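Could you look over this structure with me before we talk? I have jotted down some points in the order I would go through them.

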Amino acid sequence: MGRVAVVTDSNSGITQEQAKELDVYVLPMPFYIDGETFFEDVNLTQEQFYQKLTEGGEITTSMPAVGDVTELWDQLLEKYDEIVHIPMSSGLSSSCETALMLSQDYDGRVQVVNNQRISVTQRRSVMDAGRLAEQGMSAAEIKEILEREKFESSIYIMVDTLKYLKKGGRITPAAAALGTLLRLKPVLQIQGEKLDAFAKARTVKQAKSIMIEAMKNDFKNRFGDENGDNMYLDIAYTYDLEAAQQFEREVNEVFPNHKCIVNPLSLSVSCHIGPGALAVASSHKLEV
């Protein structure tokens, strides 16, 4: 069986340096900030992003340019037989649909996975794909497995400020004003397709408790795995690593058999929710 290259985008949270260690390839996501173009983890660091965000910079996201995608594919196909390409969820961006369209010109050598994931759950898919490729599976076989597993993941996110949800038009100014007055900490969820409201908390402590209880419920009732023996559990955050590490300790008290990976949320999510967010995510472990 020929060699398979694994490609993803920076929404996975995998840095360019980590990509080399994992032997995968990461397309940097473009951002337009006050009229300038930046690329995540290339000429835009987490620190620079949050500085521009909190200073009120006008930030919009985009998908990788068509030429950048095909150029990477063409380069890789000179040394690999096939490519499995894992973009962010099609429910959150048109980059997946575009990649699927572009792949039609590659005679089956490029398989685009629409597995409805982003951030730490997307990262898990990339790592799974790498292991499947090492076992000799073809790109088409890897795509089939990842898409079969696409809804076997869950993310809950506590938002620290309503400012950026309001700015992005995800909540009305009136709702944002009331929420700020009441000091609400909304808990959002990503269950595949999109970012949705889940619950409202009055404090960070209550929000963290809601997320942990939601994950316990998912393990038992959604995944049929009450102890989470066959689940990965990860922590994600925006900008405040110390708060994320504290949340990790709290999660580990409830799920002592899990070793969480703590990673920043992708900037494409962060620009809609702002700094100070915390998230807990789970993904089903593939038997590979």
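1. **Ground rules.** This is a predicted model, where local features need pLDDT of at least 70, side-chain atom pairs count only at pLDDT 80 or more, and totals for chains, interfaces and linings use all residues. Residues are numbered from 1 along each chain as its sequence is written, and side-chain values use heavy atoms, with hydrogens and water left out.

2. **The overall make-up.** The protein has eleven helices and 13 strands; these are DSSP runs numbered from the N terminus, with helices (H or I) of at least four residues and strands (E) of at least two. Of its 288 residues, 52% are buried. Here buried means under 20% relative accessible area, exposed means over 50%, and partly exposed is in between, using a 1.4 Å probe and protein chains only. Contact, for its part, means heavy atoms within 4.5 Å. Among the contacts with a separation of 6 or more, 74% are between residues 24 or more positions apart.

3. **The six-stranded sheet.** In what order do the six strands of this open sheet run? The order is E10-E9-E8-E13-E11-E12, and the pairing is mixed. Two strands pair if DSSP finds at least two bridges between them. E10 and strand E12 (261-264) are the edge strands, each pairing on one side only. From one strand to the next, the twist averages 25°.

4. **A closer look at E9.** Strand E9 covers residues 185-190, and six of its six residues are buried, so E9 is largely enclosed by the rest of the structure. Both of its faces are covered: one side has Lys-185, Val-187 and Gln-189, and the other has Pro-186, Leu-188 and Ile-190.

5. **The neighbours of E9.** Strand E8 (residues 153-158) pairs with E9 in the antiparallel sense over four bridges.

6. **The three-stranded sheet.** There is also an open sheet of three strands in the order E4-E3-E5, with antiparallel pairing. Its edge strands are E4 (36-39) and E5 (59-61), each of which pairs on one side only. The twist averages 30° from one strand to the next. Strand E3 (residues 30-33) is joined to E5 by three bridges in the antiparallel sense, and Phe-31 stands opposite Thr-61 in E5. Helix H2 (residues 46-54) packs on this sheet and touches E3, E4 and E5, with its direction at about 125° to that of E5. For angles like this one, axes are lines fitted to C-alpha atoms, for helices over the stretch in contact, and angles run from 0 to 180 degrees between N-to-C directions.

7. **His-85.** Is His-85 buried or exposed? With a relative accessible area of 4%, His-85 is buried. His-85 sits in strand E6 (residues 82-86). Leaving out neighbours within four places in sequence, the contacts of His-85 include Leu-27, Trp-73 and Val-113.

8. **H9 and H10.** Helix H9 (residues 204-222) packs on helix H10 (residues 241-254) at an angle of about 40°, with the axes 11 Å apart. H9 and H10 are therefore oblique to each other; angles under 35 degrees count as roughly parallel, over 145 as roughly antiparallel, 65 to 115 as roughly perpendicular, and the rest as oblique. Among the residues that meet are Met-211 and Ile-212 in H9, and Phe-247 and Val-251 in H10. H10 also lies across strand E11 (231-237), E12 and strand E13 (278-284), running at about 150° to E11.

9. **H5 and H6.** The axes of helix H5 (residues 119-134) and helix H6 (residues 139-148) cross at roughly 145° and come within 10 Å. Leu-132 is one of the H5 residues in this contact, and Ile-145 is one of those in H6.
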